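Please examine the sequence and structure shown here before reading on.

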Amino acid sequence: MIRSIAYLCVLCLMTVFVQAQQIAYTVTPVQADSPYFKVELSYSGSHTDSLEFHLPAWTPGYYQLMHYAAAVRNMHAQDGTGHSLTCRRSGENSWRLYTRGNTVFTLQYEVRATRPFVAANFLAADRGFISPAGMFLYPAGGIGHPVKLTIHPAAGWTQVATGLEPVKGQAYSYTAASFDELYDSPILMGQLETLPSFEVDGKLHSFVAYQPGNFDKAAFMQDLQGIVSVAAAIMRDLPYKHYTFLGIGPGRGGIEHLNSTAVGFDGSQLDKREERIRLYHFLAHEYFHHYNVKRIRPIELGPFDYEHGSKTRLLWLSEGFTVYYEYLVVRRAGFTTREEVLQALQKNIHAYESKPGHLLQSVADASYNTWHDGPFGAGDSSISYYDKGPVLGAMLDLQIRHNTRNRYSLDDVMRALYREFYQQKGRGFTEAEFRATAEGIAGGSLAEWFDYVNTVKPPDYKRYFGYAGLDVDSNFAIRPRASMDTLQAAILKDWLR
Ligand SMILES: [Zn+2]
């Protein structure tokens, strides 16, 4: 008892110490021959002779080392009275600042911003984009520290958009509860356009974009509201105060975040059905990720290893099942037909079966090796979890529905993971915990299905799709059988409703 009181007091002191430190960043875009962001860190409450600062080497959601530190230059520091302090590179992604006993100091540096991409920093005359993991140094051991951020937009820029919480009464100032939150909140600024916003469950959903193109914006946002509503209805909870879609301009690629997503976006082709459906799938995917991977997550994906990357064998679940859910969400929102969902799955099976690597690499290994192989199964010995993952999602869904006479589905597994690990335990889950949850809801062993995850055993598509009265032909086309029993008909109807 005494020991625990003493321990609590130490914790109290540590809390007081940590809280006494103040970390505030200001960022100013600078147009020069090569555009860059000028970054200033104001730090007060330091109590050591030297402090090490790190820059992440990657950003969560994009499983590749980005080596952001290579774009940092002109690092220098001053004490509270403006005298220079020594700051030296101490590693590939780190710098050491010698405070000489000063409790207050500033650190200034520049970040080159030349790549218009959702995982990179970019700056042009009319807009800028910050991928925060690639811009803001964190003090060693201080990843959980609150941060204040102020942007100084260039003259003529109309807006700054981010999922960060604004500071009341201070223009372009925001707070993050921790560096993790800061790194999970990209920032778009410049001459931007705000599309008509909507609410779901009383929560504001905004879409702010650079050059989104000409299209019926009210109709588009109504459709997006339908997509968000369907996803929220599946999970039965909206875990954020507000959500922002950041359209960084025409181009491909998207990254999911806690209460925002940054997407390459051009709505000018929305009047063409095929392009509209592609975009709706893409946006549904990034949006559904705020559940699946941000909150329903493998245990390896948080706390993150910002230096080396966080490897997991579960991206077939975090990415693959998110592809599967983009099909279900867009279908349930009424934008696609049942046949289109089956065609999308056929394409996935075809892509997987066509890669020579499907006889060599399990999808769990593809997940772990993505840092090396890339996510799309390039070369002749790897596969993509974007191909096999959604197919496994459909097969697991159908197995659960079959086992439980259509009483439960994959939705119940996702909700159970969300409840138990995100809401109750505040952590990710292990492979064994995922399996226990899925088998608990399926009411029995899923050993064969897990073989498809962990080995290269050829999936028995016919049997699994047969649970919904579907046939799979030699070209992997999936079509309803001429006759099916009552359970199969009920599963098909409910599954692709
Ligand atoms: Zn994804």
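By class, six nonpolar, no polar and two charged residues form the lining of the second largest cavity. Nonpolar covers Ala, Val, Leu, Ile, Met, Phe, Trp, Tyr, Cys and Pro, charged covers Asp, Glu, Lys and Arg, and polar covers the others, Gly among them. The model is predicted: local features need pLDDT of at least 70, side-chain atom pairs count only at pLDDT 80 or more, and totals for chains, interfaces and linings use all residues. Residues are numbered from 1 along each chain as its sequence is written, and side-chain values use heavy atoms, without hydrogens and water.

**Cavities**

- A cavity is a set of points, on a 1 Å grid over the protein atoms alone, where a 1.4 Å probe fits but cannot get out; lining residues have an atom within 4 Å of a point.
- There are three cavities of 30 Å³ or more.
- The second largest cavity has a volume of about 40 Å³, and its lining includes Arg115, Phe117, Arg127 and Ile248.
- The largest cavity has a volume of about 50 Å³; Pro60, Gly61, Tyr63, Glu256, Val293, Lys294, Leu301 and Phe304 line it.
- Five nonpolar, one polar and two charged residues make up the lining of the largest cavity.

**Helix α9**

- Ser384 caps the N-terminal end of α9, with a side-chain oxygen 3.0 Å from the backbone nitrogen of Tyr386.

Methods: 1 Å grid on protein atoms, 1.4 Å probe; cavity = no way out; pocket = protein on both sides within 12 Å on 5 of 7 lines; lining within 4 Å. Points joined across faces, edges and corners; volume = space filled by probe spheres on them. Polar contact = N/O pair within 3.5 Å; in protein donor to acceptor, adjacent residues only side chain to side chain. Helix = DSSP H or I, 4+ residues; strand = E, 2+ residues; numbered from the N terminus.
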